[in-house]
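Here are a few exercises to work through with the model open beside you. Try each task before you read its solution.

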Amino acid sequence: MGRRYNSSCPKPVNAGRIRDTKPAPLLLLVVLFAGLSIVSSGRGQSSGKASAPSDSEIPTPQLVREPAGASRCRFCHASEVEGYARSAMAHSLRRASQEPDGTVETPEARITMYSSPTGYWQRLQSGGDLTRYRIDYVIGSGNHASGYLLDLAGHLFQSPVAYYKTRHAYGLAPGYEGRPNPDFTRPVAEACLFCHSGTALHISGTTNQYRSPAFAAEAITCERCHGSAEKHLSDPRAGTIINPAKLGPAARDSTCEQCHLLGVGRVLNPGKTFGDFRPGQSLEDVFTTYRNVSPPGGDGEKFKVISHVEQLARSSCARKSNGRLWCGTCHDPHNKPVEPVEFFRSKCLSCHMAKFPDSHPGKESDCLSCHMPRRDANDGGHTAFTDHRIQRRPEAQQALPENTDIAAWREPAPDLQKRNLGIAYVNVGAERRSSPFIVRGYRMLTEVQDQFSTDSAVFTAMGTALLLGKQSTEAELAFERALQLDPDSVAGETNAASAYLQAGDIDKAVSHLERAVSMDPLHLPADVPLIDLYKRQGNVAKAAELTGKVSAAMDRPSDETEAEISQRSSPAMTEASFKNIQVLKGVSSDQLIPAMRFITASLGVECNYCHVQDHFDKDDKKPKQIARDMMRMMLAIDKESFSGNREVTCYSCHRGSLKPEAIPMVDREVEPKAQAATVSGLEKTLVDLPTTDQLIDNYIRALGGAVAIEKVTSRREQGTTTLGGQTMPIEVFDQDPDKQVVIRHMTSGDSITVFNGHEGWSTMPGRPVRDLHGDELDAARIDADLHFPLHIKQDCPELQVEYPENIGDRETYVISCRKVGQPPVKLYFDKQSGRLDRLVQFAESPLGLIPTRIDYDDYRIVDGVETSYRWTVARPGESSTIQLEQVQQNVPIDGARFAKPASSAGESRVIPSPDK
């Protein structure tokens, strides 16, 4: 499930909320291309003529007999079946059950995962909309990651999130990285499930419509490698079952390559689907895989998830084995080694029996850790996979040039070579936006057009090339010919519509889109532009009708109970958690204390100015009533004069003083605000300043470089913290990814703040556990990120250089990091050293923003990385300093430190209110 244009899974259709679709002519063509690409890249679209039946017409399928046959293998092959049951392939797809809870946030959306008695749910909050999706299937073994599928009206879609085992956390799924508003609209095509399921019951001619149930066999079965169990059971002898190890090299390797070799694209032979492949065949009997051609002497293609076969073929071991070394030499799906280091070492030593040089580790060492290291995978999200190049001295990966040529992994039959390569050039050219590739592919196809005059895939690829070349009339002819040959192709109708739309013939575009929607009502690449065209034609009623149908299917009703939804809602309101709330009713309870902090900072007072110590709910003090009246007045001004926007706050008048100044001063030495640094008399503009990329890259280099930073996987810091004149010991434990524990050893006991990667909490002696919410949680996430310098660009969707400012006598460059719906974060980089000198965060409160300033100083080198040993944290009315004495990196940290205390679960009690 990669991000590549010509991978086995289509890209998500950025339909957004269908109900809010607005005219977008340029988007229309893009959406149509998404549908077009499904066919042109050979993604398992059958050339069969059966139309796609509606739900009411779909007969209950007679499940193929292979699952029953596969289960019967255990009668004669019990140990093999038992061993296979422990393999990753045996768990390639399953029904969703009780899955981990978690949250993924993007600049414009929040996705929350949770389980309930009614199933496993993913809740999408975006643009004021809230939609709950019940997840039907978990895809992937979970050894590295798990993805999620949902069945909407008989159509399978992919969730935009995945669970990454190494991180023990959710993140965006591959292909969704960088999307500010991911949605649940990526269709799951037949080819995508070919390698992730046993038998998917796909409906011919559609992109992602399946029968019910969608799978005859969910996980991969014995037949995937050994052929039909039914045939063998009817005549149980060695000759009626496939043993891949005894096949010729091409057929033998094809058994693994069907899933572990993708290259840059696959092209189906005429009339074939991916499901037509059977063990014992060569892949080229069904489809051809195309790969990048490495430059002469090059070994540097970026590491891809399912390119193990390509990597192994590059290794000296494979090249010198004369075809004897293959996947099965080291991997046995029926026997997962109990001691993998010893097992794989024995495989290596079966060939490498010569005496090693003295500098080489002993024969009891781990061969794989040096010669087959785990590397970040180019298409694998937040995970890593084993490098199968088996290098003597592992080298860094190198990116291939953009104009890298492609070639077949193994050539198909001679009469198919030019046809398949031509289609591949068009597909890869469309992905790379390479005109030479597209033109080369088109010319090849014109040369074989007469030979394949009844091949719809040839004319689809030609139409694609013509459309990209803006030859609309010729593209219309090519797509219409493809439809004549395959009249029941939903994507074919969408392709034809794209050509007519490019030519400006909206009526014919609508006609083709309507036929596509009639065959598959939930084909989003047709639904979305058709709604748009209806509106452009003034046919509002049709647009509304189709919008309603699509929305009803996509927004599947939730069968959660109201109680379940309420249990998982935001924190309780203040009046439910605190006593004697008068003004701040309807405010989230976690926002009450920030509101009080804003008041004390704005007036320069302490809590006891308004409150009775230890009895915050009492109204004994007059200033408390005055404060309530002032808040009512302030909120009324904002509502009546500023349309409800927060323009007037306590600080607007008080400016840190208990009583506002009512009379202007005649002469006063005004303390100047922090001024922008003088840069050539303020004549230097933002255009003359370094870019955000330059400043961040300089910062990374100043700390020691990306490689050195990435090597830090844990950190333990010890020192002291000084607050209010009191000094106490402090310990900080950081564990990648994104976990942190801060322990302040006070005389009354330990104060502990924890962030475990997705939630945070704090504990104080004698007090209940307090959960972190909102801005506190965001700040904790930044603090816990050991690789924060490397993540600034991806974590901040909008970075902007501001005017330089001085910190003391040092000039700094300033970057503002903005996220939608959140206050900005400001980063101050020293002009001379490039290091981060200051970070300013802002926390929301019902009454105004509360700034927190962190100054970093006393940088020292620890394991090749510049590390700050002094942090000064300042908020309005208070300041603290942390001085580190010892920093240790890459040390083991007990995972129990990040476990949430059980006593915090379900606590609910009303406590005295500090509300004014």
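**Exercise 1.** How many residues does helix α13 have, and what does α13 reach from its first C-alpha to its last?

*Solution.* Start with the ground rules: this is a predicted model, where local features need pLDDT of at least 70, side-chain atom pairs count only at pLDDT 80 or more, and totals for chains, interfaces and linings use all residues. Residues are numbered from 1 along each chain as its sequence is written, and side-chain values use heavy atoms, leaving out hydrogens and water. Helices are DSSP runs of H or I with at least four residues, numbered from the N terminus. Now take residues 414-432: α13 has 19 residues and reaches 27 Å, close to the 27 Å expected at 1.5 Å a residue. The expected span is 1.5 Å times one less than the number of residues. Finally, step just past α13, where Arg 433 takes a positive phi of about 55 degrees.

**Exercise 2.** Describe α17 from its N-terminal cap to the residue just after the helix.

*Solution.* Begin at Ser 489, the cap: one of its side-chain oxygens lies 2.9 Å from the backbone nitrogen of Gly 492. Next, α17 covers residues 490-503 and reaches 21 Å, close to the expected 20 Å. Then check burial (under 20% relative accessible area, 1.4 Å probe, protein chains only): twelve of the 14 residues are buried, including Glu 493, Asn 495 and Tyr 500. Just after α17, Gly 504 takes a positive phi of about 90 degrees.

Conventions:
Helices (H or I, at least four residues) and strands (E, at least two) are DSSP runs, numbered from the N terminus. Buried means under 20% relative accessible area, exposed over 50%, partly exposed in between (1.4 Å probe, protein chains only). A polar contact is a pair of N or O atoms within 3.5 Å; within protein, one must be able to donate a hydrogen and the other to accept it, and residues adjacent in sequence count only if both atoms are side-chain atoms.
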